[in-house]
There are 4 protein chains.
Amino acid sequence: MKGIVPPMVTPLKSQDELDVEGLERLVEHIIKGGVSGLFLLGTTGEGPGLSYALRRELLERTCKLVNGRVPVLACVTDTSFTESVHLAQVAADCGCHAAVLSAPYYFVPDSPELIEYVAHITSQIPLPLYLYNMPGLTKVNFSMDVLKAAMDMPGIVGLKDSSCSMLYFHQVRALIGERDDFGLLVGPEEMLAETVLLGGDGGVNGGANLFPRLYVELYKAAENKDMERISRLQKEVLAVAHSLYTVGSHPSSLIKGLKCALSLEGICSDVVAEPFQSFRSKEREQVASLLGDLKGKIDTALN
Amino acid sequence: MKGIVPPMVTPLKSQDELDVEGLERLVEHIIKGGVSGLFLLGTTGEGPGLSYALRRELLERTCKLVNGRVPVLACVTDTSFTESVHLAQVAADCGCHAAVLSAPYYFVPDSPELIEYVAHITSQIPLPLYLYNMPGLTKVNFSMDVLKAAMDMPGIVGLKDSSCSMLYFHQVRALIGERDDFGLLVGPEEMLAETVLLGGDGGVNGGANLFPRLYVELYKAAENKDMERISRLQKEVLAVAHSLYTVGSHPSSLIKGLKCALSLEGICSDVVAEPFQSFRSKEREQVASLLGDLKGKIDTALN
Amino acid sequence: MKGIVPPMVTPLKSQDELDVEGLERLVEHIIKGGVSGLFLLGTTGEGPGLSYALRRELLERTCKLVNGRVPVLACVTDTSFTESVHLAQVAADCGCHAAVLSAPYYFVPDSPELIEYVAHITSQIPLPLYLYNMPGLTKVNFSMDVLKAAMDMPGIVGLKDSSCSMLYFHQVRALIGERDDFGLLVGPEEMLAETVLLGGDGGVNGGANLFPRLYVELYKAAENKDMERISRLQKEVLAVAHSLYTVGSHPSSLIKGLKCALSLEGICSDVVAEPFQSFRSKEREQVASLLGDLKGKIDTALN
Amino acid sequence: MKGIVPPMVTPLKSQDELDVEGLERLVEHIIKGGVSGLFLLGTTGEGPGLSYALRRELLERTCKLVNGRVPVLACVTDTSFTESVHLAQVAADCGCHAAVLSAPYYFVPDSPELIEYVAHITSQIPLPLYLYNMPGLTKVNFSMDVLKAAMDMPGIVGLKDSSCSMLYFHQVRALIGERDDFGLLVGPEEMLAETVLLGGDGGVNGGANLFPRLYVELYKAAENKDMERISRLQKEVLAVAHSLYTVGSHPSSLIKGLKCALSLEGICSDVVAEPFQSFRSKEREQVASLLGDLKGKIDTALN
């Protein structure tokens with residue numbers, strides 16, 4: 001898997017109801033942007049905040065809507081081993097192409113425990129598996145010891161890294177070496193250009209829900225080592241992150257900002273799942289104002 | 001609620017099967033020790049690591065076994081609002097006396113978001129509710145702002161604090177003031193004596209799974225301000241924590257050590273849920289050796 | 001050493017000039033309160049923020065003013081081994097009774113490195129030495145391994161703990177056991193009562209600059225296990241911490257609040273050393289208002 | 001200032017004595033590698049661990065040895081405002097070209113306090129000033145608010161960032177925008193290529209003490225956007241970091257490994273300042289073995 005794989009937001013009508021029409025529009029909007037895949041139920045997708053019934057419904061509906069046009073990855077992380085395996089089975093049944101698994105995010109296993117956990121769960125998951133490094137939320141890093149062990153386990157096909165650390169990225173790249181059967185996707189969109197330039201396979205970038213073509217084009221520029229175009233497009237990616245994701249200054253501003261902007265664009269509802277709440281009118285107005293500005297500049301940069 | 005409310009370990013035959021006979025023996029063992037209640041599915045109970053079916057089964061079976069002899073509290077925390085409400089409904093149906101709720105442990109709400117979350121979920125939970133402060137695992141502190149707001153919400157009856165901080169304890173005590181309708185239970189057993197001496201209502205202490213009478217007697221000594229007896233009994237409580245919970249030096253050693261010791265005592269199985277694994281023979285021998293020593297000293301101290 | 005050893009604030013006329021008259025009044029004010037010693041150049045004394053010339057002058061002047069009425073302890077921690085030894089020599093020459101040493105606060109030694117460092121420096125310091133555990137500012141805990149090694153080094157006579165952790169306190173107490181030649185003083189005043197009740201030797205409490213008698217009386221009540229008097233006096237100690245030290249909500253509010261209150265009382269100047277700056281008029285008015293209230297309540301509680 | 005500015009290690013004969021011959025050889029070795037400047041008394045230079053007399057002697061001797069061939073930057077950070085100003089005066093007298101200042105590393109100022117501190121000290125430092133962001137050791141980030149204010153203060157000419165964060169880097173780059181009078185140097189050598197490719201002005205890289213030409217050539221390749229050469233050279237820079245800096249797995253392994261390798265190369269002594277101690281024979285043998293391997297590969301990559 002190479003390219004942009006947006007971590008899709010989950011359109012909601014309410015805490016426990018999908019925005020079905022919004023989902024359809026969102027899927028079309030993203031695929032039209034030229035992405036290489038879709039990543040469901042991750043952090044941006046608020047996966048851990050949704051009921052199991054809703055998670056299953058999302059996987060089923062989205063796979064049907066995508067209908068094989070791009071691969072679909074399903075995040076199956078759970079604090080419960082058994083529920084992770086259940087969800088992976090659902091994902092396989094729906095036709096997802098891979099599962100994605102972070103450390104279970106309540107307890108804190110050390111490296112030897114984590115190696116055993118990954119070995120046990122991999123053997124029961126009926127899909128190729130990406131590990132998902134998200135230490136800011138799981139409190140656990142997949143250390144090089146864990147990755148070295150995991151790279152020898154059948155079924156593990158890559159790593160999605162959201163550590164925000166180039167030091168970690170370079171350690172992983174050195175560990176992968178020439179093995180071209182192990183993929184490396186990187187999370188924060190601010191690091192898309194440098195990671196692709198220096199050996200990463202692509203980006204799992206929240207902003208690609210809203211402006212998929214911008215991220216796809218930046219990925220291509222990085223793949224082609226077109227430094228001038230990188231500079232032009234990365235500036236806009238940074239502008240999205242530095243403006244839209246900082247409205248209100250909550251740690252949750254990224255999700256709230258994205259959903260608010262998607263709603264202003266008429267794509268899907270802005271409802272976010274608890275423990276968060278949608279932007280109120282003041283922040284919504286700020287987003288509207290930023291959005292107009294961003295859209296103009298992105299259009300110019302892309303053309 | 002006053003006194004010792006052990007956070008019961010969940011006896012397991014395997015990752016997704018209860019040790020039903022072990023559960024019966026454990027419940028009797030704990031109740032015989034004179035405890036004031038039972039706290040199910042908390043951190044020591046590995047709640048987040050268990051499937052929902054198993055969590056429900058544990059609530060049902062335990063409530064039946066307890067049969068009203070002591071109040072039962074059920075931890076209903078979940079990353080999903082909807083699943084928390086479901087589990088609280090199950091707990092109410094089983095006859096639990098209260099629910100216990102920490103911050104949802106994946107996303108990190110700030111204080112204003114957390115206040116809204118608590119208000120929303122409290123209105124849907126059909127049981128009196130204890131908040132559960134566990135910042136080491138949830139990454140979120142219930143700040144004084146949140147607690148002040150929560151104390152005015154109908155249905156919230158107390159706080160279980162596992163922050164391990166006396167500074168926090170004293171802030172909460174000052175906030176509670178003379179309100180005797182708001183309880184304060186404290187987690188780490190090393191702090192049982194001082195918190196009860198200085199205004200706490202009791203302890204939620206893992207070691208009370210194994211030696212319930214020791215903790216109950218220390219609680220009583222603290223309630224009676226019997227400093228000499230406190231000194232004698234606290235020494236043994238500290239010996240449990242400093243020896244049994246440090247075997248193997250994992251963050252998970254507390255749970256592993258307790259279950260291993262309970263298994264050596266013939267009470268229940270030592271199976272722990274993923275992402276952890278039971279002690280192997282080397283650690284098991286260490287636990288056996290420590291246990292013999294501890295039992296002798298505790299018997300002496302209690303008599 | 002037993003009882004209250006206030007970490008004396010350093011009265012300043014400006015960044016690099018002592019408030020000599022203020023120092024004299026402050027020393028008399030504190031000693032009159034019945035304290036057991038004086039601790040100079042610690043965190044509350046802004047030691048690391050002062051020039052070496054000023055640190056030396058403070059040691060000399062204070063020792064002369066105290067004139068043997070109580071023991072004087074000098075904090076000699078420095079990022080430079082050589083400067084620590086120099087300052088310890090000055091302290092010895094002035095007649096200080098002991099030196100106090102935390103981990104050097106820039107680099108982060110691990111436990112084996114820290115053991116060697118402590119052994120090396122202890123051999124060159126011409127005074128009995130207290131270790132000073134202050135992980136919040138030094139980024140390093142004196143682990144039980146380090147303490148165990150240190151307790152066997154000639155010259156080390158005790159520990160001053162400012163970790164704010166009762167878990168750590170109980171571990172240290174268990175390590176000390178029956179050795180009555182190793183003292184244990186505890187920093188945050190909110191924990192004075194419980195630590196003295198449970199085996200600590202006294203408190204190094206910032207508030208004792210302002211209200212020395214309050215802290216001395218609380219110490220005595222704890223030593224006498226007079227739970228009723230503890231409750232009455234601890235309430236006022238907590239009121240000081242929860243009000244005076246939170247004005248302006250800076251991490252530096254403790255130092256700023258204390259110096260501002262001392263200045264309002266006519267004892268010494270409110271100048272604080274960089275990187276902090278004194279309270280402006282708004283916060284000063286807040287402090288004045290809180291102070292009036294506190295003084296009334298403390299008088300009542302003491303009488 | 002553009003290019004590689006090595007943070008020079010401080011050659012020591014003992015804790016408080018310079019290795020004068022080693023210093024001479026080291027300065028020549030580094031300058032011969034084509035570097036753009038020298039940075040003295042930083043973290044790699046163990047500045048905070050040295051006595052003031054030694055810091056002054058190092059500045060004087062090094063400036064004489066360099067004799068204007070490249071600019072010399074002096075780190076003047078100190079917990080004491082007054083001592084920082086003193087050291088900056090010495091640096092100016094020796095002919096240093098700029099001073100470098102991190103947050104004072106004991107107390108933790110918040111952003112408003114830090115802005116005032118920087119304004120006050122800048123007005124008293126007789127040299128152009130680089131701010132030095134080193135949150136891992138100072139516990140304080142220069143936030144965008146602080147940087148925005150600092151960029152308007154006369155005398156501040158740039159930032160040296162050792163946060164290891166590309167998110168921070170991109171925020172700073174966006175803040176700088178088109179202002180070409182404000183430089184941005186980045187610390188960890190693993191990030192040299194990407195930061196220069198994406199708008200940084202150069203690297204302050206510890207490994208350039210040992211292999212200056214490697215770092216200079218990687219800088220040039222990045223400046224020329226020569227992706228193939230970047231890939232070849234960066235691989236060796238990463239090999240240095242992933243091997244030499246991890247011997248013994250101490251946080252101090254970088255300094256110990258560098259000094260040990262320089263000593264094996266006959267350049268200067270391997271003595272490190274307390275609280276660290278030089279590698280013992282076992283680690284020294286490991287370094288010797290790694291070094292042979294690294295030198296061969298670096299020679300190949302450079303030619």
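Between chain C and chain B there are 4 residue pairs in polar contact, both residues at pLDDT 80 or more. A polar contact here is a pair of N or O atoms within 3.5 Å; within protein, one must be able to donate a hydrogen and the other to accept it, and residues adjacent in sequence count only if both atoms are side-chain atoms.

Good morning. This is a predicted model, in which local features need pLDDT of at least 70, side-chain atom pairs count only at pLDDT 80 or more, and totals for chains, interfaces and linings use all residues. Residues are numbered from 1 along each chain as its sequence is written, chains are lettered from A and ligands numbered from 1 in the order in which they are written, and side-chain values use heavy atoms, with hydrogens and water left out.

Let me stay with chains C and B. The count of salt bridges between chain C and chain B is 0, a salt bridge being a side-chain nitrogen of Lys or Arg within 4 Å of a carboxyl oxygen of Asp or Glu. On the side of chain C that touches chain B, the elements that give two or more residues are helix H7 (166-176), helix H8 (192-197) and helix H10 (227-243) of chain C. Helices (H or I, at least four residues) and strands (E, at least two) are DSSP runs, numbered from the N terminus.

In this interface, 18 residues of chain C are in contact with 18 residues of chain B, where contact means heavy atoms within 4.5 Å. Chain C and chain B bury about 1,600 Å² between them, and 77% of it is on carbon and sulfur atoms.

How can chain C be laid on chain B? A turn of 180 degrees with a shift of 0.0 Å along the axis does it, at an RMSD of 0.0 Å. The two copies are thus related as by a two-fold rotation axis. The same surface serves both copies, as 100% of the contact residues of chain C recur in chain B. Copies are superposed by least squares on the C-alpha atoms of residues with pLDDT of at least 70 in both.

I now turn to chains A and B. Here the contact takes 42 residues from chain A and 42 residues from chain B. The area buried between chain A and chain B is about 3,700 Å², and carbon and sulfur atoms give 60% of that area. How many salt bridges are counted between chain A and chain B? There are 4. In one salt bridge, the side chains of Glu116(A) and Arg280(B) meet at 2.8 Å, N to O. Polar contact joins 24 residue pairs between chain A and chain B, both residues at pLDDT 80 or more. On the side of chain A that touches chain B, H2, helix H3 (81-94), helix H4 (111-122), helix H5 (135-138) and helix H11 (253-264) of chain A each supply at least two residues. H4(A) gives the most to that side, with 4 residues.

Next, a site taken from a record. UniProt, in an unreviewed entry, lists Thr44(A) and Val204(A) under "binding site". They span 161 residues in sequence, yet no two of their C-alpha atoms are more than 9.9 Å apart, so they gather at one spot. UniProt positions are given in the numbering used here, feature names are shortened, and annotations may be inferred rather than shown by experiment.

Thr44(A) has its place in the loop between strand S4 (38-40) and helix H2 (52-66) of chain A. Is Thr44(A) buried or exposed? With a relative accessible area of 11%, Thr44(A) is buried; buried means under 20% relative accessible area, exposed over 50%, and partly exposed in between (1.4 Å probe, protein chains only). Val204(A), in the loop between strand S10 (202-203) and helix H9 (212-223) of chain A, counts as buried at 4% relative accessibility. Leaving aside neighbours within four places in sequence, the contacts of Val204(A) include Pro7(A), Phe39(A) and Lys160(A).

I close with salt bridges inside the chains. Over all chains, the structure holds 60 salt bridges. Arg284(A) forms one with Asp270(A), the closest N and O atoms being 3.1 Å apart. Arg284(A) lies in helix H12 (residues 281-302) of chain A and Asp270(A) in the loop between H11 and H12 of chain A, so the pair ties together parts that are 14 residues apart in sequence. Arg284(A) is partly exposed at 26% relative accessibility, whereas Asp270(A) counts as buried at 19%.

Notes
Buried area = accessible area lost by both parts, 1.4 Å probe.
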